[in-house]
Amino acid sequence: MSLLDYFRISKPKSADIAKERLQILVAHERAARNPRPSYLPQLQKELLEVIRKYVNVDQDAISVNFEQDDNQETLELNIVLPDYQQENKTINS
Amino acid sequence: MARIIVVTSGKGGVGKTTTSAAIAMGLAKRGHKTAVIDFDVGLRNLDLIMGCERRVVYDFINVINGEASLNQALIRDKNCNLLYILPASQTRDKDALTLEGVGKVLDELSGDFQYIVCDSPAGIEKGAYLALYYADDAFVVTNPEISSVRDSDRMLGILASKSRRAENNEEPVKEFLLLTRYDPSRVKSGEMLGLDDVQDILSLHLLGIIPESKSVLTASNAGMPVILDEKSEAGQAYEDVVARYLGEDRPHRFIEDKKGFFRKLFGGKS
């Protein structure tokens, strides 16, 4: 940086712009490289079978989500159980 | 058994061949019998950087095809008798390289050498894939520049999925970062990505920072690996890289801007 540069109005640093662009780009490309594991549909199907042994749930009552960031992978499992009272009613009637 | 090192980057022109020549020379000068192989079939350049272009008789492809023995094709370096160069073919195309052929040559070299340095071509095509396939260690050569960092990240993905170690579920290829053509004064003024910026994205084990240096061109003009120029910053930086790779603990240099007051004032070039 020369003496004259000190009198110029400061602009955003181009290296910071570069870094920001890179971070977004690389995150996207990494996600594309590591798609959901292939066992997910099978896992979902088998879980449903096990749960149905005990509770009568719908096909879409289970959702399986796979997420990945820099140093960890998260498997999120969400099961919606049927309304307990409604279940009782159907059994009683 | 030899340790196989691939020098890779994805992007061209970042300093793969300069690095291959320097570290191969550095390893050999420290007493390790080393072979350096040019995988850039059709566009060979390692022989020029090593200064042995006029001694090339047979090449890598000749050996793979059984037209010459390994001993006939290997060129002993003029500066170090523990260093050998296996040049690429200039006339064939990259399809002449095969996975089995490369494997056979590396296997044969493994019996006799301690280190095998594979100088990868740019890109992610067959030559680059074959250069990294058998690697134990990868030196990822990166410039502090947006497209180079992106390509390096891409190469890391390929190393983690397509290498022999990945395919066989073995311990993964060890990945090291070499940040080359680094200009601390431009980093300081915010117009070049700094070490921390690059590491925020790649987070690799840093082997060294090679500063932008006129001596790199001077060395390649003369056909002498730059590591032999002990006075130059780039030469010293490569010397550090080799020492660190071999397990020595050396502080990183050439990160800080050390331009003098007057050059700063008048914006002199380094």
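Is B:Y84 buried or exposed, and what is its relative accessible area? In this predicted model, B:Y84 is buried, with a relative accessible area of 14%; buried denotes under 20% relative accessible area, exposed over 50% and partly exposed the range in between, with a 1.4 Å probe and protein chains only.

The model is a predicted one, in which local features require pLDDT of at least 70 and side-chain atom pairs count only at pLDDT 80 or more, whereas totals for chains, interfaces and linings use all residues. Residues are numbered from 1 along each chain as its sequence is written, chains are lettered from A and ligands numbered from 1 in the order in which they are written, and side-chain values use heavy atoms, with hydrogens and water left out.

The secondary structure of chain A consists of 3 helices and 2 strands, where helices (H or I, at least four residues) and strands (E, at least two) are DSSP runs numbered from the N terminus. From the N terminus on, the order of these elements is α-α-β-β-α. Of the 93 residues in chain A, 16% are buried. Contacts are defined by heavy atoms within 4.5 Å; among those in chain A between residues at least 6 apart in sequence, 33% join residues at least 24 apart. A:Q42 is located in helix α2 (residues 40-54) of chain A and counts as partly exposed, at 41% relative accessibility. The C-alpha atoms of A:Q42 and A:A18 are separated by 42 Å, the two residues being 24 apart along the chain.

Aromatic pairing was examined over all chains. Rings of Phe, Tyr and Trp (its six-membered ring) pair if their centres lie within 6.5 Å, and planes under 30 degrees apart count as stacked, over 60 as edge-to-face and the rest as tilted. By this rule, 8 aromatic pairs are found over all chains. The ring centres of B:Y84 and B:F113 are 5.6 Å apart and the ring planes stand at 85°, so this pair is edge-to-face. Because B:Y84 belongs to strand β4 (residues 83-86) of chain B and B:F113 to the loop between α5 (99-110) and β5 (115-119) of chain B, the pair ties together parts 29 residues apart in sequence. B:F113 is buried, with a relative accessible area of 5%. For B:F176 and B:Y245, the ring centres are 5.8 Å apart and the planes are at 85°, so this pair too is edge-to-face. B:F176 lies in strand β7 (residues 174-182) of chain B and B:Y245 in helix α12 (residues 233-245) of chain B, so the pair ties together parts that are 69 residues apart in sequence. Both B:F176 and B:Y245 are buried. One aromatic cluster is formed by B:Y115, B:F139, B:F176 and B:Y245.

Helix packing in chain B is illustrated by α6 and α7. Helix α6 (residues 126-133) of chain B packs against helix α7 (residues 146-162) of chain B at an angle of about 60°, with the axes 10 Å apart. Axes are lines fitted to C-alpha atoms, for helices over the stretch in contact, and angles run from 0 to 180 degrees between N-to-C directions. This angle makes α6(B) oblique to α7(B); angles under 35 degrees count as roughly parallel, over 145 as roughly antiparallel, 65 to 115 as roughly perpendicular and the rest as oblique. On the α6(B) side, B:Y129, B:L132 and B:Y133 meet B:M155, B:I158, B:L159 and B:K162 of α7(B). The residues of this contact of α6(B) with α7(B) divide into 6 nonpolar, no polar and 1 charged, with Ala, Val, Leu, Ile, Met, Phe, Trp, Tyr, Cys and Pro taken as nonpolar, Asp, Glu, Lys and Arg as charged, and the others, Gly among them, as polar. B:I158, in helix α7 of chain B, counts as buried at 15% relative accessibility. Leaving aside neighbours within four places in sequence, B:I158 is in contact with B:I124, B:L132 and B:S163.

In helix α10 (residues 195-202) of chain B, 6 of the 8 residues are buried, so the helix is largely enclosed by the rest of the structure. The buried residues of α10(B) are B:L195, B:D197, B:V198, B:Q199, B:I201 and B:L202. Their cover includes α1 (14-33) of chain A together with β6 (137-142), α7, β7 and β8 (205-211) of chain B. B:T142, in strand β6 of chain B, is buried, with a relative accessible area of 0%. Residues up to four places away in sequence not counted, B:T142 touches B:S148, B:V149, B:S152, B:L177, B:L178, B:L179, B:T180 and B:L202.
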